[in-house]
Amino acid sequence: IITVILPFAAALLNLVSYRKENVREFWSFAGAVLTFGSVALLAPRIMDGSILTLHLTQILPGINIAFRVDGLSLLFAGTSSFLWILAGFYCIGYMRGLSEHAQTRFYVCYSAAVGGAMGAAFSGNLFTLYLFYEIVSIVTYPLVAHHQDKDGYEGGKKYLVYLFFTSKAFLLPAMVIIYLTAGTLEFSSADIISGIFDGSASHVLVAVSYFLCLFGFAKAGIMPLHNWLPSAMVAPTPVSALLHAVVVVKVGVFSIARVMLSVFGTALLAELNLGIITAYIV
């Protein structure tokens, strides 16, 4: 949980240090280093085969805010937090060199976006993943629209429309179907073969939820829901690094990998894909 809290703490410290540029930027760098360090401290236990879990609170039976750390989440969290260190150096030179406006807002949203990525990486179920996935969407909008001109607002609007529409129209219904079919949104802790569906689950509902999940994570840039990406490039260059390399697209790709492996399982995915290919050929 410390790994998830650290970037948000850095964002808060960025905000309260808005009158002192050096202090504000120090907190961004310190947050990046400490976040990566906290991820690295988890590596020995995960490499020994352990899976760390933490349940914070229960919303409904089978719906919890919970965290877990395994090999996949450690890989994503480690990569993103390390790249935050590199991007943080570039942000300082870029924002100061061009005397960009609203630099405090920029650093606050930048740090919070990484916090959302850490929360998504360590999510223990689909509900928690969805929560932090949406946090990333919200806090990155000011970064996309940073210049506050016509192009910035147009790019930001398309960014929000694509990401919020897909998460609400596709991902939310998928969560409802999965919850009603499987009785839980918890990720499978046994292995990536079985998933969380039992043999009595309707194959039609499982297939529908599969496609809804696939296109619900539009941050991954899956066609035809990828058009927000070039439009978002009106943002400052460090934001492009955040969108592609550090957080946004990576969160989408990670979320798809996590859900496909820990919800559906490889055995069910093979069956679904075989059915799709067969139907296409016929």
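This is a predicted model: local features need pLDDT of at least 70, side-chain atom pairs count only at pLDDT 80 or more; totals for chains, interfaces and linings use all residues.
How much space lies in the largest cavity of this structure? Residues are numbered from 1 along each chain as its sequence is written, and side-chain values use heavy atoms, with hydrogens and water left out.

Let me begin with the empty space. Rolling a probe the size of a water molecule over the atoms shows where empty space is left. On a 1 Å grid over the protein atoms alone, a cavity is a set of points where a 1.4 Å probe fits but cannot get out, whereas a pocket is an open set with protein on both sides within 12 Å along at least five of seven lines, and lining residues have an atom within 4 Å of a point. Grid points are joined across faces, edges and corners, and a volume is the space filled by probe spheres set on the points.

A search of the whole structure finds one cavity of 30 Å³ or more, and about 60 Å³ of space lies in the largest cavity. Its lining includes E25, W84, Y107 and Y110. The elements that give two or more residues to this lining are helix 2 (21-47), helix 3 and helix 4, where helices (H or I, at least four residues) and strands (E, at least two) are DSSP runs numbered from the N terminus. Helix 3 gives the most to the lining of the largest cavity, with four residues.

The largest pocket, in turn, has a volume of about 210 Å³, and among the residues that line it are V4, L42, L54, F67, R68 and F122. Helix 1 (2-16), strand 1 (52-60) and strand 2 (63-69) are the elements that give two or more residues to the lining of the largest pocket.

Strand 1 and strand 2 pair in the antiparallel sense over seven bridges, pairing being counted if DSSP finds at least two bridges between two strands.

Leaving aside its neighbours within four places in sequence, F122 is in contact (heavy atoms within 4.5 Å) with residues including V4, L42, F67, R68 and V69. F122 is also one of the residues that touch the most other members among the 85 residues of the largest nonpolar core, a nonpolar core being a set of buried Ala, Val, Leu, Ile, Met, Phe, Trp, Tyr and Cys residues joined through side-chain atoms within 4.5 Å. Helix 4 (residues 103-121) gives the most to this core, with 12 residues.

S262 lies in helix 10 (residues 248-264), and at 3% relative accessibility S262 counts as buried.

Is V234, by contrast, buried or partly exposed? V234, whose place is in the loop between helix 8 (228-231) and helix 9, is partly exposed, with a relative accessible area of 29%. The C-alpha atoms of V234 and V4, 230 residues apart along the chain, are separated by 29 Å.

Finally, some backbone details in the loops. P224 is found in the loop between helix 7 (203-216) and helix 8, and a cis peptide bond with omega of about 5 degrees joins M223 and P224. In the loop between helix 3 and helix 4 we find S99, whose phi is near 50 degrees, a positive value in a residue other than glycine. S99 counts as exposed, at 60% relative accessibility.

Technical notes. Buried means under 20% relative accessible area, exposed over 50%, partly exposed in between (1.4 Å probe, protein chains only).
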